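Student: Before we discuss any details, could you put the sequence and the model on the screen, so that I can follow each point on the coordinates as we go?
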Amino acid sequence: MLPDFRVRQRDYLLEISRAITEELELPTVLKRILQAAVELTAGKAGLIALREGGRWRLRAYVGIPEQFISAFDPLLADIPDHDDPERFEIPEVSRRLSRIGGIASLGLLTGVGLPMVARQEVVGLIFILRGYGGQFSSNDRALLSSFAVQAAIAVHNAMLYQQVSAEKRRLDAVLEAYADGVLIIDSAGKITRFNRALSTISALPAANALGLNHDDVIRWAHREKGPDLNAAMADGWPLPGTTGPLYVEGDLLRHNGGIVPVGISYAAVFDREGRLVNIIADVHDMTKIRAAEELKSTFVSVVSHELKTPVALIKGYAETLSREDASWDPATVRDSLAVIVDEADRLTELIESLLDASRLQSGDLKLNIVDVALDDLAGQLVEKFKTQTNKHTLVADFAPDFPVIRGDEERLRQVLSNLLSNAIKYAPNGGEIRVSGRSTAAGVELRVSDQGAGIAAHDLPHVFERFYRAEGDLTRRVKGTGLGLFLTRAIVRAHGGEIQVESEPGKGAAFTITLPRYNGELAT
Ligand code: ADP
């Protein structure tokens, strides 16, 4: 039979072991250790300090009211500023205790402090304080030391756990906030992680995806590059040791019935024995890349087509005129030269539009702000366009007191020219084209309307997009790049204004521009 106090010691040591194995939350571990240590040594109160950021800080206490805790800081002031157990000595505690003001009222008379050493490092300090005089016996110290060894392991584990938990939370937050979709599959093929971006891409909430199989979530409407995951795995991917990613690209079926272009890189994670633990998929939404690729190819086809036509005409006429074996009458020469000049003008205009579009993209479209009388400008343009058509009736309709606004006169001329020339182009049977202006509370409103073919409802939201041209016979017959309205809207917006379109197919279209009268930002 063990003597009584030995039984008690054994029980306390067991208690600590339980604290080590059961509990990983640092504050609870510290509290349990302290309670056990205080009881074990017949103490009245206890404190634990941990080394954080190169300093000792009190992290747990028992038997001391909270408002007194800061009074114990001087106890830590003389503690060695390192964690090397070889050079560690805690200064005499009892004498220091007596110097702490106000402590007397707590009735704490003597104390002892010990370092808690785990893995050759002082991870913490434990102080036990007693309410009666006399020194701690060597037996007390020996008991407390062997106890401190156990306690140190518990603290060390809890600190590691805290670090790992913090690291895991950080990693979770990173994965959650990652711009690409992230999917993690375990060795049984089940989804264990599904981040926010992937929920958006796939239109499937994470809660619905977790626990499903990869193929329940990643369903291809059309694959362009690479085998799907199952086919790749059937062919031997991933081979342990060769963890190169698998890349698959195509259109993914979204869970709301839509389709989204994506590129997925799969990487395999193996354990030390070479067993597959996880497959991690990075799902990149390619919508923007696809749109940019499309834009590039549209650009190339529009530009090559639109440049080729005038160049071919100019070359043809110039070659014909320069033939030495023929003589041309003056009228033919004049007409041919007129075609050459017209086509050269078209080329210049196209090049200007392309340059404007690229300046816009690089943010280099600068406005030269002056006072602009839009009514005069519209009048001049109506007169100019009248000479280009005999089918249309062009009307400028402005009240006599229409205000002068601040703006870039040349750019606003370009805006009205684009709208008037479209009105003529897309109303091949003629009709009235009206430019009207009125003053509003915020500024002015301009409207250019025609009685032409109009725009189908499904084209209306897109006519201001770069290179957009409505489908249809008329558009095919009429020359254009789809840049006019894109530039028009950009110029209007650069003035702080907005442009809108209304149309009833077959009955014409009307473009309405609102512009602020004076805009502080636009002042020169
Ligand atoms: P472009 O005239 O060079 O094709 P725009 O950017 O000026 O390019 O116009 C884009 C498209 O909007 C045109 O291709 C045409 O289909 C449509 N559109 C523009 N203005 C009108 C209009 N007044 N009436 C009917 N359709 C129009």
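This is a predicted model: local features need pLDDT of at least 70, side-chain atom pairs count only at pLDDT 80 or more; totals for chains, interfaces and linings use all residues.
Student: Is Ala42 buried, partly exposed or exposed?
Tutor: Ala42 is placed in the loop between α2 (26–40) and β1 (45–52), and its phi is near 55 degrees, a positive value in a residue other than glycine. Buried means under 20% relative accessible area and exposed means over 50%. Because its relative accessibility is 45%, Ala42 counts as partly exposed.

Student: Which phi value does Phe467 have, and is this residue buried or exposed?
Tutor: Most residues other than glycine have a negative phi. Phe467, in the loop between β15 (443–449) and α14 (473–477), is not a glycine and yet has a positive phi of about 65 degrees. With a relative accessible area of 10%, Phe467 is buried.

Student: What is omega for the peptide bond that joins Trp237 and Pro238?
Tutor: Most peptide bonds are trans. Pro238 lies in the loop between α9 (229–234) and β8 (246–253). The bond that joins Trp237 to Pro238 is cis, with an omega of about 0 degrees.

Student: How many aromatic pairs does a search of the whole structure find, and how is the pair of Trp56 and Phe88 arranged?
Tutor: Searching the whole structure gives 3 aromatic pairs. For Trp56 and Phe88 the ring centres are 5.9 Å apart and the planes make an angle of 75 degrees. Because planes over 60 degrees apart count as edge-to-face, the arrangement of Trp56 and Phe88 is edge-to-face.

Student: Where in the chain do Trp56 and Phe88 sit, and are they buried or exposed?
Tutor: Trp56 belongs to strand β2 (residues 55–62), whereas Phe88 is in the loop between α3 (73–77) and α4 (93–99), so that the pair links distant parts of the chain, 32 residues apart. Trp56 has a relative accessibility of 7%, and Phe88 has a relative accessible area of 11%. Both values are under the 20% cut-off, and Trp56 and Phe88 are therefore buried.

Student: What is the angle between the planes of Phe398 and Phe402?
Tutor: Phe398 counts as buried at 17% relative accessibility, and Phe402 is buried as well, with a relative accessible area of 7%. Their rings form an edge-to-face pair with centres 5.0 Å apart, and the angle between the planes is 90 degrees.

Student: Over which rings do Lys31 and Lys384 lie?
Tutor: The charged end of Lys31 is 5.4 Å from the centre of a ring, and that ring belongs to Tyr61. For Lys384 the distance to the ring centre is 5.3 Å, and the face over which Lys384 lies is that of Phe385.

Student: How many residues surround the ligand, and which elements each supply at least two of the shell?
Tutor: The ligand is surrounded by 19 residues, and the closest are Asn422, Tyr426, Arg469, Thr481 and Leu485. By class, this shell has 9 nonpolar, 7 polar and 3 charged residues. The elements that each supply at least two residues are α13 (409–425), α15 (484–494) and β17 (508–516).

Student: Which residue with a positive phi follows α15?
Tutor: Within α15, the buried residues include Leu485, Phe486 and Ile491. The residue that follows α15 has a phi near 80 degrees, and this residue is Gly496.

Methods:
Residues are numbered from 1 along each chain as its sequence is written. Side-chain values use heavy atoms; hydrogens and water are left out. Rings of Phe, Tyr and Trp (its six-membered ring) pair if their centres lie within 6.5 Å; planes under 30 degrees apart count as stacked, over 60 as edge-to-face and the rest as tilted. Helices (H or I, at least four residues) and strands (E, at least two) are DSSP runs, numbered from the N terminus. Buried means under 20% relative accessible area, exposed over 50%, partly exposed in between (1.4 Å probe, protein chains only). A charge sits over a ring if NZ of Lys or CZ of Arg is within 6 Å of the ring centre and within 35 degrees of the ring normal. A residue is near a molecule or strand if one of its heavy atoms lies within 4 Å of it. Ala, Val, Leu, Ile, Met, Phe, Trp, Tyr, Cys and Pro count as nonpolar, Asp, Glu, Lys and Arg as charged, and the others, Gly among them, as polar.
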